[in-house]
Amino acid sequence: MTDKERYQKVFDTVSSFGMEHLEADKLMKKTRKHAYMGTAAAIAAALLIAGSTGVAYAANVGGIQRTIQLWIHGDQTDAELVIGENGEYNVAWQEEDGSTQSMGGGGIAIEPDGTERPLTEEEILEELYMPEVEYKDDGTVWVYYYDQEIEITDLFENGICRVKLVNGEETLYMTVEYDNGYSVSPDKYPDPDSFN
């Protein structure tokens, strides 16, 4: 039996109840409309549930989360950066042995008028790309800057070491006070008294 024959049989049955053909047509349209409304309601409910799950996930993160390229001890590494609402951040990456490492920091910046604000994503990334000094167990001291690994152990004079770091067009002047901090400047070597 074809679809046309089935419809004809249905309409013949409906008209045997005393309904005119036009009324039966309206009844079929209403039935279809209710079916579409039910389907639309089910889709809307599914979207609402999926959307609220995404909102809950975003609320758990508490800010921006994304994958970045980070230089860790001279090696470029994929890392997950999570920035909180108050400017704090956490960075996590996997080591070659499969272990997960992380570090965090951040906070606030003070504007010229004295008001405080959370650090921006750009300021946090700038902080993450700064040079790093490491004191190893074997007594050596290393500076890491992008893909550079520089041993500075023998460069200290009176506990102070000055290193010029170049990355493409960017030049930084770094002053390291042995086991007491370091500072960088794009203009000149910082005076150790300015950061201790």
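What volume does the largest pocket have?

1. The largest pocket has a volume of about 320 Å³. The model is predicted, with local features needing pLDDT of at least 70 and side-chain atom pairs counting only at pLDDT 80 or more, while totals for chains, interfaces and linings use all residues. Residues are numbered from 1 along each chain as its sequence is written, and side-chain values use heavy atoms, with hydrogens and water left out.

2. A pocket here is an open set of points on a 1 Å grid over the protein atoms alone, where a 1.4 Å probe fits, with protein on both sides within 12 Å along at least five of seven lines; lining residues have an atom within 4 Å of a point. Grid points are joined across faces, edges and corners, and a volume is the space filled by probe spheres set on the points.

3. The lining of the largest pocket comprises 19 residues, and those nearest its centre are Trp-71, Met-103, Leu-128, Met-130 and Glu-132. Two or more lining residues come from each of strand E1 (63-72), strand E3 (88-94), helix H3 (121-128) and strand E8 (141-145), with E1 giving the largest share, 3 residues. By class, this lining has 14 nonpolar, 2 polar and 3 charged residues.

4. The second largest pocket has a volume of about 150 Å³, and the residues that line it include Ile-72, His-73, Trp-93 and Glu-96. Strand E2 (75-84) and E3 each give two or more residues to this lining, and E2 gives the most, with 3 residues. Its classes are 2 nonpolar, 4 polar and 3 charged residues.

How values were computed. Helices (H or I, at least four residues) and strands (E, at least two) are DSSP runs, numbered from the N terminus. Ala, Val, Leu, Ile, Met, Phe, Trp, Tyr, Cys and Pro count as nonpolar, Asp, Glu, Lys and Arg as charged, and the others, Gly among them, as polar.
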